[in-house]
Amino acid sequence: MAIERVREYFLKLGIAERIQEFDVSSATVELAAQALGCAPERIAKTLSFLTAQGCILVVAAGDAKVDNAKYKATFHEKAKMIPAGDVEALVGHAVGGVCPFAVNEGVTVFLDVSLKRFETVFPACGSSNSAVWLTIPELEQYAGAAGWVDVCKNWEDPVE
């Protein structure tokens, strides 16, 4: 199970006790926010894309949406999400539990700037009923992020 891969990874880092497992699903931003009792934007969702260089993950705030123009300007190709049926084989985690930790070799992780407005966020841990509390510097370190990108919209100025 992918959560066991993440647990082993976090055990080596000394933070495995932070993993939370729920009796309910946390497979979507809304469900994760309900399970955690936090605002949906603090859920760090992990989006998976196919590029000419291989599989990449972009971790973004729960309220952010991919902006196709920004994505293309950053990665020099159109955004092409990995089909749901292929995500587990390519990334190492199934849809609903995709996270930037303990991923398959060759998968590159990027963090979207939409996360920088928070001190702490909650990414999944490889299953559809888990999450972990991390500071932004911890997320950057533990995800082995290749860098920060600005590929999302709809989070800067919420419509009132």
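The following legends accompany close-up views of a predicted model.

View 1. Six strands, in the order S8-S6-S2-S3-S5-S9, form an open sheet with mixed pairing. As a general principle, strands of a sheet pair through backbone hydrogen bonds, and the pairing is either parallel or antiparallel.

**View 2. Strand S5 and its two partners.** Strand S3 (residues 54-61) pairs with strand S5 (residues 108-112) in the parallel sense, over 4 bridges. Within this pairing, valine 58 has phenylalanine 110 of S5 as its bridge partner, and isoleucine 56 stands opposite threonine 108 in S5. S5 is also joined to S9 by 3 bridges, and these two strands run parallel. Here phenylalanine 110 stands opposite glycine 147 in S9. Phenylalanine 110 therefore takes part in both pairings, facing valine 58 and glycine 147, where a bridge is counted between strands that DSSP pairs. S5 is mostly covered, with 4 of its 5 residues buried.

**View 3. Helix H3 against the sheet.** Strand S3 (residues 54-61) and strand S5 (residues 108-112) are parallel neighbours. Helix H3 (residues 68-75) packs on the sheet and touches S3 and S5, as well as strand S2 (43-51) and S9. The direction of H3 makes about 130° with that of S3.

View 4. Alanine 44 is a residue of strand S2. Is this residue buried or exposed? Alanine 44 counts as buried because its relative accessibility is 3%, and the cut-off for buried is under 20%. Beyond its close neighbours in sequence, alanine 44 touches Val59, Ala60, Leu115, Val121, Phe122, Pro123 and Ala124. Alanine 44 and valine 59 are 15 residues apart in sequence, and their C-alpha atoms are 6.1 Å apart in space.

**View 5. The largest pocket and its lining.** The largest pocket has a volume of about 370 Å³. It is lined by 23 residues, of which Ala27, Lys45, Thr46, Gly96 and Val98 are the closest to its centre. Helix H2 (29-36), S2, strand S6 (120-123) and strand S7 (130-131) each supply at least two residues of the lining. Which strand gives the most to the lining? That strand is S2, with 6 residues. By residue type, the lining divides into 15 nonpolar, 7 polar and 1 charged.

Methods. Residues are numbered from 1 along each chain as its sequence is written. This is a predicted model: local features need pLDDT of at least 70, side-chain atom pairs count only at pLDDT 80 or more; totals for chains, interfaces and linings use all residues. Side-chain values use heavy atoms; hydrogens and water are left out. Contact means heavy atoms within 4.5 Å. Axes are lines fitted to C-alpha atoms, for helices over the stretch in contact, and angles run from 0 to 180 degrees between N-to-C directions. Buried means under 20% relative accessible area, exposed over 50%, partly exposed in between (1.4 Å probe, protein chains only). On a 1 Å grid over the protein atoms alone, a cavity is a set of points where a 1.4 Å probe fits but cannot get out, and a pocket is an open set with protein on both sides within 12 Å along at least five of seven lines; lining residues have an atom within 4 Å of a point. Grid points are joined across faces, edges and corners, and a volume is the space filled by probe spheres set on the points. Ala, Val, Leu, Ile, Met, Phe, Trp, Tyr, Cys and Pro count as nonpolar, Asp, Glu, Lys and Arg as charged, and the others, Gly among them, as polar. Lists of a residue's contacts leave out its neighbours within four places in sequence.
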